[in-house]
Every structure is written in structure tokens, then in C-alpha cells.
Amino acid sequence: MLELKINGGTYEVDPPVGQTLAETLRGDLGLTGTKVACGEGHCGACTVQLDGVPALSCITLVHTVGEREVTTIEGLRDHPLVDAFVRADALQCGFCTPGQIVSAAALVEAEPELTAERVRHAMAGNLCRCGAYPRIEEAILSWRD
Amino acid sequence: MELRQPSSLAELDGADGLALAGGTDLVPLLRDGLVEAETLVDVRAVVPRGIDGGTIGAGTTLAELEVDPESPQALREACALAASPQLRSMGTIGGNLLQATRCWYWRLKYPCFLHGGSTCHARQGAHREHAIFGNEHCASAHPSDPAAALLSLGTTLRTDRRELPLADLYRLPTEDDRDVTALEPGELILELEVPKPEASTYLKAMDRTRFTFALVGVAAARFGSETKIALAGVAPIPWLLESADDLDRATPLPGTAYKVDLARALVRRALDALA
Amino acid sequence: MARLIRTEKEVEGKYTEQWVVVEGEDEALDQWPQGPRAVVGTPARRQDGLQRARGEAEYTADLQLPGTLHAAVLRSPYAHARAKVDLTRARATGWVRGAIGPGDCHVLQEEPSFHGAPVAAVAADSLREARAGLELIDVEWEELEPLLDPEEAVKRESFVDDTRHYSRGDVEAAFAEADVVVEGEFRTQVVLHNALETHQAVCRWEGETLEVYISTQFIWGVRDSISSQLGLPPDRVRVVCNYMGGGFGAKNSPGDHTYIAIALASQTGHPVHCALTRREENLAAGNRNATSQRLRAGARSDGTLVALEGEYVNAIGWAGFNGPTYGPIEMLYACENVRTVTYGAKLNLPPNAAFRAPGFVEGTFGLECLLDELAGRLELDPLELRRRNYADKDLVDDRPFSSKNLLECYDRAEPHWARRDEVRARSEGPWQRGVGLASQIWYGGGGPPSYAWVRVGSDTRATVITAMQDIGTGTRTAMAQIAAEELGLPLERVRCELGDSARGPYASISAGSSTTPSMGPAVRAAAADAARQLLEIAAQRFHLEERVLSLRGGQIVSADGGSWPLEEITGLLEDAQILGKGARGPNPAGMRVLTFGIQVAEVAVDVETGEVVVERIAAIHDVGRVINPLGARSQVEGGIIQGIGHTLSEARLVDPVSGKVLTQTLDAYKLPTIADVPEIVTDLLDIPDEHLTNLGSKGLGEPPIVPTAAAIVNAIRDATGAEVHELPVSREAMLRALAEAREREKRGAPAAV
């Protein structure tokens, strides 16, 4: 039995060794805001925070999460970035958006004063096939407005 | 599958199993069946993490190295240009040195030389991302940017069993042994000793601006009058050049000849930057 | 009064005649005057933005219906083989709940003819078990020789359809008289859609009704295909797609995975979820096919095009559609003499699928690069060359355009084009800078049938109801804007409900840049029908004539200056509702409805390493009236960014020996990242097409991707003199082209003294 700390709550799960955090979040806990788009660490859609640091839940074995606090998009629903993304039209199909916002939330927490160059470096791990990138950049740079 | 989580080296001693740290390469390899393991050993509590002068714990993440003012510039640049922010936050430098090639034939389980077979499918096949050196048996390219940087810096490794120069960690696969590292089964990299150069840099040519493996990566580090050059993405292992002239001895495949031109341009720039 | 009429319908350049029922007031409504209005033409946040951003939107991938089984598909590891499938061992376990092979489902193949072709499938309680179940399927494979080379396929006449020949005028004579002739061979690569939500469906039987929850661009097309395949009455198939995670043309039909899910649901009596993995997605879910193009252009010395010729080989794969690569060369310029031949090579490679302006993206690359080479030979300004060959009617069918403002686009491109001296002057060291442009032509008129309902209740809120889908383009929002405008309501009082064939009328496909021009007029007509009813009631209530009343700003306004809050009428309704109905009328008879535009690209090329950086793209497009400028800009940027991927980094690679796809994963197949995006300047003309519907709006999804590759490659030539004839412009392609340019210069240079 594992005890996971997620979005301020505690959850008990009993997955087999080898199961990923993403599978646990989506399948066992119904936290489907975290998306899986490639399943092998190449796209960033499954990004969650572990103790505030962005991590790819699709290649994180759930048994290695340990004491770390897991923050998913469900824990960031009231973050100002959510409104900033909608305001800037920083999403189209929206499938990558939760991962984008989870990454961005960690970024603005670490670096409240951002430049476009920093955003482009720090967000390069979240692919968006619709190409909302210019607006994602705008949303992150204007997240406090 | 079983997961062990030892809390000290003593507890780890003699245990069978595959070491797991950041998992960014190993977890996908396990899920693809390219690596099989009964037991995984989570070594994060065992392997040192952090930077102390020239000593880097093997459990230090690439993200930590990217921003550490004490790290030589080549290492910081190599880390900054490697993978993605999430992968850099997860992946450790020890694991990064041991990552498997991105050769698509190897990843798609073709029965190639590296998998123990007799041919290199890339040679007759699609190979634009493949090797220009050391490619007689296997044309795969080593993907690690930090490995090239650390090689140019003359890094020494300390494992749980010995010390060895980073250059001796790597070996080309042979008929008798298809492994590309000299690590013994169960041997664990604990620390890296990185000499401080007077100047160093890492340049990387890739297919997009970020988040992709090097077509050619060039690390250069100057110590006094000597400058060491090491390359990523050009051979089955990180590749040390004696001098820029070594590029004349490259053995490119038809589809990798451009990499020699790329390497020439980047080596020249790196040397100019250090002059 | 309802009318049944025969009309022409176009999707992605394919014209068909079909019957449509037209009623409501599409044609009876005058277009709104040009320019932004209270709601239409004013930026609006997308209505489902919060749900999507907060991770609350339920995509097909997120559905967890009770009792759902998960399917895994056994796919051919060979490009061509015969497969003898034995399901005995799989079926013998307790935990493989369903297993099907060839004969159980028409998409499962005994002779799989491309890598990734589906051969068998199983269902189990978890995906993990389903994948384990695949290991228990015994297959005897007999590997067969694959046909992989498109030129060889042409020689052997292995085609997916009849070779297309087109000609007008006397091409040979015109070339003979031309002052200048340029020719070139151009190649484009296979690119993969890679919508982040992979193809997937959950299928379950509810009594005699089959419910299909699917990530799709065409709810009604899926319903019709399944009903005809299964022999079910169409309304016994309910198709649901409330949120979907991208399509780009690859999700227009049910797909193999849906039929597999249906077969397994029928076999097991459970809902079955069949979702492709990323690797399956990149094997078997469609692609933009490769092309080779042998092109020739002849012109008089003043730049007048006298002859154009194109031979196109579309490397289609095992199946798919032979797209209009020939479109731009036949349609873009006023050239009297044009000849094309187009082959659709059938190969042992995965089938293609429509991908954002299929054919025109590839054809524009070849044509517009050749035009710039011609401009170079003529020493004529490339923009001027395009102006001189402006077509004021459609020469293919000799029809007038319903509207065309391409010259205005050219004028607006001038300031961007004029930057080139300054851009070139910023070249420094190995970094050479230049500017290039390319014109755009594409369809985008939409058409009937498309229907919408508008419901107004006592709360003075309106709901647009139509069974369309919002694939991320923001159509929910645009439809609500149109209804709000017509009803004189603020946007926040109007919602759009869509996504379910059981809960709304027939709606068009979200493809071919047709959603807004097809659906928008129906929505406006439905809103107008509701508005008329509101005014009729108001007229009775206030003892006024209907014709003096109108709806504005949430008020009923009288021509004499009186006004009443709309609540005074809707408040009378209690539980009664106003229901408006609307239908899309036909397109203007005898006219060609097209979209136009131009893009100007600025690039920097590192001539030592072959690195190409796109620094700026200005996009000027004529797509009729713009409904939501905020969403429209996003569409333009998204198209351009996909175009940049197509131009610089994306390529599906295949092993030339085995025909197996090598780039199945997103490390090997390189989509653009946020760090690859240039400054993008969007300029939409926003001039309604006066002949097209009650809105004058055309579609916008595809035009922005059409000219991007050519504009970038023309900028590369401007910067370096290198002539790139193939995509992607990889490091090796760029270095090769630079070396060839140096060679040319050497040969052309005066002999050494």
C-alpha cells in the first residue's frame, strides 16, 4: 500500500511495481486533468509537480514518489495562470494545456520576473501541436495582470 | 517486478538489481522491454547529490548543474541544451552518462549488432542521425551532451568500487562485448571529480532549437596551453578528439557526411571562443 | 417553407452534387455591414477555455464508463506480409475478455500491406492485461516483398486511383514562344499529424443503439459510415464528441480503431475503449503524403506567365486520397496554358489522410519556389511578378470568384516586403539574412447541409444547439457570437451546446476550412428565427408593428426611440421557450468560392552549420468576415507554426529496406517547440464576401499553412543564393544547397586572371 500526497490531500493506492504516476492519477484516482499524449517523456502533456518541481508523470514510477507532494492541474485550478491562458487564447484543443499550466506555475513560482527568452527556455518541454505557443508566452509573461 | 529502496551504501551492498535514479531513460526502456529486470533498486538515497567545488554527486540533476555557478561553463551549457526542463529536473548526471543510444533500429528492437546481432541496420538504412567515428560495427550515436562536456574537462569518476577516468568508462562495442560502458554489473557511479578549466564551452547543432538530441555536440576545455575537444552524437560513445585535424579521419556513412562539416564548423567556433 | 434543392458541395477541393433541405432564413437575411460589431468581429475568450485549461474538459481519452474494457491491437511488423492468426491461446485465458482476428472485423487484415496494419485485437479489464493478451495471439507470418519506391510504383502502374490529366490552352506552343523557361524538381516529405489526443473511441451498446464516443472532426460522417458498414439505421448510431484534442484532418472518419472497439463491444457486451498509442498514431493514423513535382514555367520578358506544367507523384501509401497537389499551379495565376498530370502511387506504406490543406501545401511549395526562381531570371521583383499574373477569374472552370481581394493582400504585404534591405543589412558573419514571400490559394467556402437551433428561455439566455464538434478551433465561441449578435444579446448570455448526434441537428465536418462558413449562416438563421418570434410577441405585447422593432443590447428597441428590456417579453414565457431553426443555404451558383493570401518570411541562415532560424512571418489573408479576431489570430499562428515544422524539422523516416516506420516517437519525429516560434504578424482583411451566405465568412483553418514553406525557402534563397528544392530543410539539405550555390557561383564567375 502506498500513501500519496496529492494537491494537499492523502490518497492510498496499491498499484503493482512498474505502474507510473500518470496511470495512478488517471486510472486509480480519476484525476484525468493530467493528460498522457506520448507515454514516454517526449511531450510534456503529463507534467505534474513533485515538491514544486515539474516532472513527467508518464515516466515516473509511482513507487518512487515517496514523501514528495504531488501537484496536478486539479490542484492549480484557481491559479492566476488559468485565467491568463484563457485571456490570451493560449490554448486551442487544450489537450496539452494542463501540462503547460503545471510547468508554467512552477516557473512563475521560481522566477516571478520573466523574460520571453526565459519562458522559451523553461517551456520547451511542453509540446503544443495546435501551435498556441505565442499566446502561451504572452499568458506566462502577463500572468499577474 | 520488485523495487528495493536502500537507505545506505551498506544496505545496497551485494544486492542484485538494476539501479534506478531519475528514471528518464530506464523507465521507458523497461516499458519497451529493451531492458528487463526482476528487481529495481532505487539508489537515490545512496548516491550523493550536490556540488562541492570540483566534486559532483552522481545524483545531482541536470537542472541543478545547469544553474550552478561553480560548474564549468561547458557543463552548464551542455546541461541547459540537453533534453527538456522536466527531464533535466528528473535526470541525474550519473544516469545521463549511462543513457542508451537513440538509434531507431536499436530502440525498435531490430536484431542489430548492439543487440547482439551481426549487422548494423543503420548502415544500409536511414542513418542521418548516426555516427561518423567508431562506426565499423555499430553506427549508433551517443546522445549525451553532458558526457561530451565532462570528457573534454578530463573528469574522473568514483564508483562504489574504484576510480576511473571518464574516458575509460566508455568503450566501443566489439564482437565479444556489445556493451558501450566498462561498468561492472551492479557497479554504481557515486561521484564525479571535474577539474576546473581556464575556459570551456559547449556548442550543439540540432534539428530544432530545444528538446532534441545533438546531431553534433562539441565541447572544448582549455587547461593552460592544452585544449581538449570532445564530441556528442558522432560515435557510439562520447568521442574525444586529439585535435581538430582528427576530423579528417572521420568515416561517415553517406547520410552522415554533413556531420563532419558541422563538427568542423563547431570545433572551429569552440576553439575561437576559448582563444 | 422547406425546400429540397440540388446543390454543389465542396470539401477540400472535392466537389459533389447533393440534395439539401433548406429552410429558415439564411438567404433572406442581409449581411451585416463590414467591420466589427457589438459581438461579431470583436475579440471573445473561448467559451470552453476554462474547462480545458483546468483539466475539467472530458475528452474521449478521459471517459471511464462503468465496465469499460480496454483494447489492444496486434499490428503488422512488416510492410507486406500474410498473417495466419490463431486466437486459441488468447481466448483460453479467463482474463482476455474478447479477441478478434481477420473475419471478425473488416479492418483486420489477412494480408497486411503496410507496417502497422491491424491484424487482430483483444480486450481486457486493463490496458496492461490487453497488451499481455496480444502476446498470446499466435501468428504465422509470411513476409512478402514490399513496394516502397513511388517512381517504381508509377512504372508498374500501382495507383490508388486513375491518373489525373488536366490541360488548358496549348502548352507546347506557349513554351516554344516563351522568352524565359525555368524548371525544377521539388520534393516534399511525409509529415505526421500528431494531434496530442491520439485517435480513440469508446463504443457501447445501449439496447439496440450503438453509442460511439470518439475523438472526431465529423460526428455525422462517423455516424453515416458506421451505420452503412454495420447495416444499422443511421439513428441507431449515436456519436458523441464533446471535447477533442486535435485532428488536423486525420480524424474525419471512424478509423480502424472504432470498428475494432465496436466488434469487441459486440463480442463482450461491455463498453470497449480502443486508443492508439503515440507509436500506433504515427504508424497507422494517416499522414501528409510525400510528393515529387517536376515543374516548368514559361514567361515573357515582362513577367507574364505563358505556360505552366507540372508532373506530380503523390506517394499515397497503401490507401488514402490522391490530393490536389496540382491545385495551385492550375488556379493561382492567370496563365492560359497549363498542363498537369498527377499520379497517386500505391505503396506498401501507411495510408495518408487529409492534413491541413492537403495537396495545396505541397503544390504551393513547388510552384511558389519556382516562381521566385523565375523572378530571379527575369530580374523582376517577386511581388511584382505575382501582381502581373493576377487572375481575375477562375480559369479552371471559367467562373467568376465570389470575392477575391488578393491585390489588397499584396498591397498590405508591401511594408513587410520593404523590410528586406534592412533585414539583409543585418547579415553578420556566418549569419545571412533574407526575406521571401509566397501567395496562398485554397478553398474554404463551406456549404450545406448544416443546421442549427436556437433556444431562448425566460431567463433571457440563448442556447445554440447543433451537433457539430469543436476540434480546438473555437467554433463553440464563434457560433455563440453569431447568435448573440443576431439576438442583440451580450455574449455571456449565449452558449453553444454541441457534440452529440442525439442532441442536435446535422452539422458539417470540421475540415476543409468549412466549419464557420457552413455552420455560421445556419446559426444566424436560427437566431434570426428566434428573434422574429420574440419581436412578434413584443409587437403584440406593446401594440406596435413588428417591423419597427429590433433587438439590441439586450433590449427591444422601437424605431420611435422606445426601448424595453428583453426580460419584459421573455419574462412572460415561464417554462415556455422560443425555438428558432436555421439552415445553411447553397453557395452562390456559378461562382468559385476561394480564400487568398500572402505571407512574407524573414530568415537567418548560418551558412557554416546550415542552421535556419525563421525570425518573422507576416501573414495577410482574405477569408471574408472574421467572427472572432482572437481565435482567428490563434488559427493563423497555429497554421504557420505547423508550417515551420513542415519546412524545417519534421520528417517521417522509413527504413528503405524493410519499409518499416522508424520515427514513431516524438523524440525522433520533431515537432516545433515554443523556442522555434518566430514573431508572427497577422493581418486579416475582414472583408465580407458579398455573395456568400448571410455572413460573408470563409474558413480560416487551412489558409495560413499553405504558403509558409515556400515563403521560408524563398527567404533562404534571398539570404544565401541557395536553391532548396526539398523539405524539410534539414542541416544536410541546407549545407548541400549552399555547396551547390557556391559551385554555381564558381562556374558562373569570370575565369581567373
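The contact between chain A and chain B takes 19 residues from chain A and 16 residues from chain B, where two residues count as in contact if their C-beta atoms, placed from the backbone, lie within 7 Å. On the side of chain A that touches chain B, strand 4 (residues 53–56) gives the most, with four residues; strands (E, at least two residues) and helices (H or I, at least four) are DSSP runs numbered from the N terminus. By class, this side of chain A has nine nonpolar, nine polar and one charged residues, with Ala, Val, Leu, Ile, Met, Phe, Trp, Tyr, Cys and Pro counted as nonpolar, Asp, Glu, Lys and Arg as charged, and the others, Gly among them, as polar.

The structure is a predicted model, in which local features need pLDDT of at least 70 and side-chain atom pairs count only at pLDDT 80 or more, whereas totals for chains, interfaces and linings use all residues. Residues are numbered from 1 along each chain as its sequence is written, while chains are lettered from A and ligands numbered from 1 in the order in which they are written.

Chain C contains 19 helices and 27 strands. Its radius of gyration, taken over C-alpha atoms, is 27 Å, close to the 27 Å that the globule rule gives for 753 residues, so chain C is as compact as a globular protein of that length; the rule is 2.2 Å times the number of residues to the power 0.38. Of the 753 residues in chain C, 61% are buried, a residue being buried if 20 or more other C-beta atoms lie within 10 Å of its own, exposed if 12 or fewer, and partly exposed in between, with C-beta atoms placed from the backbone.

Chain C is divided into domain 1 (3–59 + 449–583), domain 2 (63–145 + 199–275) and domain 3 (290–445 + 590–748), with bounds that come from an automatic or database domain assignment. The contact between domain 1 and domain 2 of chain C takes 17 residues from domain 1 and 21 residues from domain 2, and the residues on the domain 1 side divide into nine nonpolar, five polar and three charged. The centres of these two domains, taken over C-alpha atoms, are separated by 37 Å.

In helix 11 of chain B, the buried residues include B:Y258, B:L262 and B:L266. What covers the buried residues of this helix includes strand 9 (199–205) of chain B together with helix 19 (731–748) of chain C.
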